[in-house]
Amino acid sequence: MSYILNERKNQVSHAGINADTVACNKPSLAGSVSQRACVFCGSRVVLYPIADALHLIHGPIGCAAYTWDIRGSMSSGPELHRMSFSTDLHEKEVIFGGEPKLYASLIELIDKYQPKAAFVYTTCIVGVIGDDVERICRQVTREKGIPVLPVQAPGFQGSKKDGYKVACETLFNLVGTLNLPTPKYSINILGDFNLAGELWILLDYYKRMGVHVNATITGDGRVDAIRNAHNAALNVVQCSGSMNYLAKMMKDTYGIPSMRVSYFGIEDMSDALYDVARFFKSDEMMDKARDLVRDEFQRLMPALAWYRERLQGKKAAIYVGGAFKAISLIKALRLIGVQSVIVGSQTGTPEDYELIKQLCDEGTIIVDDSNPVELSNFVKEKEADIFIGGVKERPIAHKIGLGFCDHNHERKEPLAGYEGMMNFAKEIYATAMSPVWRFTK
Amino acid sequence: MKPTYTSTRNACKLCAPLGASLVFKGIEGCVPLIHGSQGCATYIRRYMISHYKEPVDIASSNFSEETTVFGGNKNFITGINNIRSQYHPDVVGIASTCLSETIGEDVPGLIREYGEVNAGTHIPRFVNASTPSYCGTHMDGFHHTVTATLKAMAQAGTQGEHINILPGFVSPADLRYLKEVLEDFGIDYVLFPDYSESLDNVHTREYQLIPSGGTPVRRIEMTGTAKATIEFGTVFNKGAVRTKGPNHIESAGEYLQRAFDVPNHQMRMPIGIDASDKFFDTLATLSGRPVPEKYQKERGRLIDAYVDAHKYVFGKRAALYGEEDLVLGMVGFFEEIGVHTVLASSGGESGLLKREVDKLLQTDNDTRVVNGMDFASIREEVKALAPDFLIGNSKGYYISRELQIPLVRIGFPIHDRFGAARIHHIGYRGTQELFDRVVNAIIEYKQDHASVAYKYI
């Protein structure tokens, strides 16, 4: 493993072999070619799906251009989130200040698009040139009568994960500012971003159980629903990295309990339903959840068995943004006969990595904040057949001749829920069994 | 008069470090380093990967709060050291960012210092491009980096028999075509930047840390002793507004002419017969050889195709958007086939587009020529102009879908189709491909909307 940079050696571990925990929560090493993005990115991806808000990026054009329509987060109504707005700072503003341009941009965009709220993302140079974004936001809030919220996300102020926290703080400023009648059995769904319509699958499940979903944060998100989020009885939190912090603040301030769930893989999906029923202490709800799970299992299991038979013995590498997702993937893969031999994430916590260690077979490589050099060596060493990752991992897998499953922001097939599990199996099968690999050996 | 906006809505441009990264990918053995926050490198990687479907490793010096306050020296050194131990590059191409420029990073100083401290070890060559994203677009970054690379590497000496080809921002397929043409002419050439392999590679089975391909440094050094330069473009980065630095911006070919007396043949991107003729004629003159029969036949087939399909395209109205030099190439081509360019727009901000388009069109044309456009404004223009088709990168798809106007995808980025790297735009053969695609897009639209499923056209 000589290819691993010295400073990164403690961020790589082997299940059952090294006792050390995986070092994480560290800034990426300069020159390492980390797969991570920045603070801005973290805040942007979390807030992005709020469909009736204006998302204005204050800075030069790059940050806005690269995040235009970046996530496949679907909306059942307005689609303002799919526009990319930027103050597009030029040298003149960098020298003389960007406040007048920010103010003028906000006014014209709010007048034209009539959003329910506006998020103003500050990028790297805004703090450096000294723009008082908070003051402008307060001023426009007063003038336009909608919440105009600064998202203080200069890219250099930490890592992507710090951006999640910034997003949570921004959201928390909205929570509690509106009171709507809210049914007793109501939950907020935190940390699902409605990629490929995944949220709508979950809404259907909860509806079948008699649970009212209050605010969805932020998939198919709406400003007013978020403002009313404090009236729910429970926060159900997926993608723990991005939303735990909001759940914690809501617990501290409004006393709303929260639970962590995952919707990937049938075990975790089922637990997510049972746990909610258990929380509400409703036998009726639990019965409905059991019925639902039974129905889905009866439909799913024979089909999955077919895939398991064919995929048995394949080895997978997982490298994704959040470690909680990686944990679900390990289980989902096991269900279809695939062993995870490399598991990594950009933003995992020590607890996540401990859990991964326990879940995985001996020798599995566990890695935090990896890079192309490491990943390409790992997959060769462990003789992986399939890689599960995002856009930046795809060419690594393909160049070596590995199957690849997209588990990224822009995917078009839902992977959550029971039908998501079916799609996942299909995609793994399609990539593992393609005849093209004959030409790459 | 339509309302003008202070903000940019759905940008039709990218930032300067992306252009720099493209050029660095066209140098053999080069790893790009973006001196700024981690996100810049990652976003640019992701954006390029989605187009080229190839690994694009770009390092970052990963600025932190501390770096921003105290300077990037430490991160720069760590970054270079880590790139060296992971990639063993021959060249490190360093692009600055809005952040590093705003805090006043002295990259040449950092490079000098690094060289002094590490004297005696095998240090890679460094190329430094100043690419703050608040100055111009990705094209400004691209051309600035081409010039910066030549400034860093070109050497004086006895004039050779080779020529320089500076094609600007074209596709890997375009680059491969240029090499084929030059080889068929028997001309020794330096093509720069050449990312025809590094961004459209064969299946390698191994992960090449630095993908093969790229113009070798020793070839770039020879640009100073070439007997001529051919460079495609008329706008380049000449509109980049900078309060610092020189007011007059030189293209790379102009630089070689001034610094090394290499005669510069500047021409529009060779799309269409006239522009391709100019390119091939120049090659014939420089090599003293006639245009090879293969290309005369390509030209002949293209004319034959123009004739066969002329009625399908005549009078059709096109809305065009993209990089200024590409737009100009396309306008010239459309003039040849009777397509009326109703909108020639670019996110570029040179202010030169109107002047250059007017040179290609007859006087009193009613073509809307607009610099500094974003897609929201393009959509408004398209809605008002009701063209028969849109032509440009894939980001115009949402306009095409909403307004039910066919889109022909060319240029960069193409994020929603395969084969973007293999789209061929230039020369007779490239024009042939574009022509077929334009004609078929028009026919397909008509056929799809016809009342019967007809089988002949």
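Start by colouring chain A by domain: domain 1 covers 6-25 + 312-410, domain 2 covers 39-158 and domain 3 covers 186-291 (bounds from an automatic or database domain assignment). Over C-alpha atoms, the centres of domain 1 of chain A and domain 2 of chain A are 34 Å apart.

A word on what you're seeing: this is a predicted model, where local features need pLDDT of at least 70 and side-chain atom pairs count only at pLDDT 80 or more, while totals for chains, interfaces and linings use all residues. Residues count from 1 along each chain as its sequence is written, and chains are lettered from A in the order in which they are written.

Next, show chain A as a cartoon. You'll find 17 helices and 14 strands (DSSP runs: H or I of at least four residues for helices, E of at least two for strands, numbered from the N terminus).

Last stop: zoom in on strand β3 (residues 85-86) of chain A, which runs antiparallel to β1(B) and is joined to it by two bridges (strands pair if DSSP finds at least two bridges between them). Pick Phe85(A), and its bridge partner in β1(B) is Arg9(B).
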